[in-house]
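Keep the structure open as you read.

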Amino acid sequence: MELNRLKKTIVFNFIFCLFSIYAFSEVIDYIMATVNGEVITYSQFKQRVFEEREACRRVYSGEELEKQLRDRKKSILDDLIKECLLLSEAKRENIKVDKIEIEKMVNTAKSKFESLDDFRNALRNEGLTLETLEEKYKRSLRIKKIIQFKVNSKARIEPYEISQYYQAHKKDFLEPEQVKIRQILIKMKDDEKTAEQTAKDLLERIKGGEDMTNEGEDLGFINVSELLPELGAAISKLKVNEISDIVKTQTGYHIIRLEGRKLSKARKLSEVRDEIYRILFSRKADRIYVDLVDKLKKKADIEVRKR
């Protein structure tokens, strides 16, 4: 959702700035936009693009990485404009940031480094001073506080909303069917015929009364949906304590004893109440956030300059 993405972007940017190389100090700078008199520069935009690329690299690669970057690049300037709008609103509401809060963030950043010299070198490489870093953190905290004041505090969820959601989405809160199985697996390796014969001999001995406990591995309860299709099909025909015929999969030859079964059932409302609350809160907060930004944009003096 939009609000969650903005929060993650802000948090990442102000932590990541200590670990990236200041790659844009030599870029010819210019003003891309102004918001209520505050400028957004090309170097700010390029720095954010760089940070987004590094963040995406942790999750994506190849064509998917480039696709994600293209999609994100389209919204970066808009994100910077939204941050300026929120900062203007925080100023209007006289939102204050305690120096102790900033010091905590700085100390957290320092703790990521082995020594104070390493921390100072990172700042220097980034083209920052301790004062400019503190100013970045101050901006971050003011945005967080105005969101808490204008968005989160207004996103109230009533008990009846949770109950209604539960009744309408019971299928989303089903516990999956599970089976408890004991398995003997003879891997095929290079000699498939030998593995198959070994499995047949074992099955014959087990059906003749040999205790499978000595040979089999207790796999505990497993979601039926996570089983290999061949095993799922074989187990579906078994009653508790019955033993399957030999089941061949890409892994090898299996002999399965079904030792227990838990049918799929709906989790109780009391078990999922917190989960539903988080879902509803996120949705409501996102709607309030979008409305807030729209109102701020309508009142603001925003100029996006073309080059």
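Start with helix H5, residues 116-125: the residues it buries are Phe119, Ala122 and Leu123. Look down the axis of H5 and those buried residues fall within an arc of 100 degrees, so they line one face of the helix. What sits over the buried residues of H5? The cover includes helix H4 (99-110) and helix H6 (130-150). Past the end of H5 comes Gly127, with a positive phi near 75 degrees.

All of this is read from a predicted model, by the way, so treat the values as computed from that prediction.

You'll find Asn36 in the loop that runs between strand S1 (31-35) and strand S2 (38-41). Is Asn36 buried or partly exposed? Its relative accessible area is 39%, which makes Asn36 partly exposed.

Asn241 is another residue other than glycine with a positive phi, near 80 degrees. Its place is also a loop, here between helix H9 (229-235) and strand S6 (247-248). With a relative accessible area of 56%, Asn241 counts as exposed; the cut-off for that word is over 50%.

Now zoom out. How does the radius of gyration of the chain compare with that of a compact globule? For 307 residues a compact globule would come in near 19 Å, yet this chain has 29 Å. Along the principal axes, its C-alpha atoms fill a box of roughly 85 × 50 × 40 Å.

What share of the residues is buried? The figure is 40% of the 307 residues in the protein chain. As for contacts, take those with a separation of 6 or more: 77% of them join residues 24 or more positions apart.

Finally, the surface and the charges. The protein chain has an accessible surface of about 19,000 Å², and carbon and sulfur atoms hold 48% of that. There are 63 positive side chains and 55 negative ones, and the centres of the two sets are 6 Å apart.

Terms used
Residues numbered from 1 in each chain as written. Predicted model: local features only at pLDDT ≥ 70, side-chain atom pairs only at ≥ 80, totals over all residues. Heavy atoms only, no water. Rg over C-alpha atoms; globule rule 2.2 N^0.38 Å. Buried < 20%, exposed > 50% of the residue type's maximum accessible area, 1.4 Å probe, protein only. Contact = heavy atoms within 4.5 Å. Areas by Shrake-Rupley, 256 points an atom, 1.4 Å probe, with all protein chains shown as cover. Lys, Arg positive; Asp, Glu negative; His and termini not counted. Charge placed at Lys NZ, Arg CZ, Asp CG, Glu CD. Helix = DSSP H or I, 4+ residues; strand = E, 2+ residues; numbered from the N terminus. Arc of directions from axis to C-beta.
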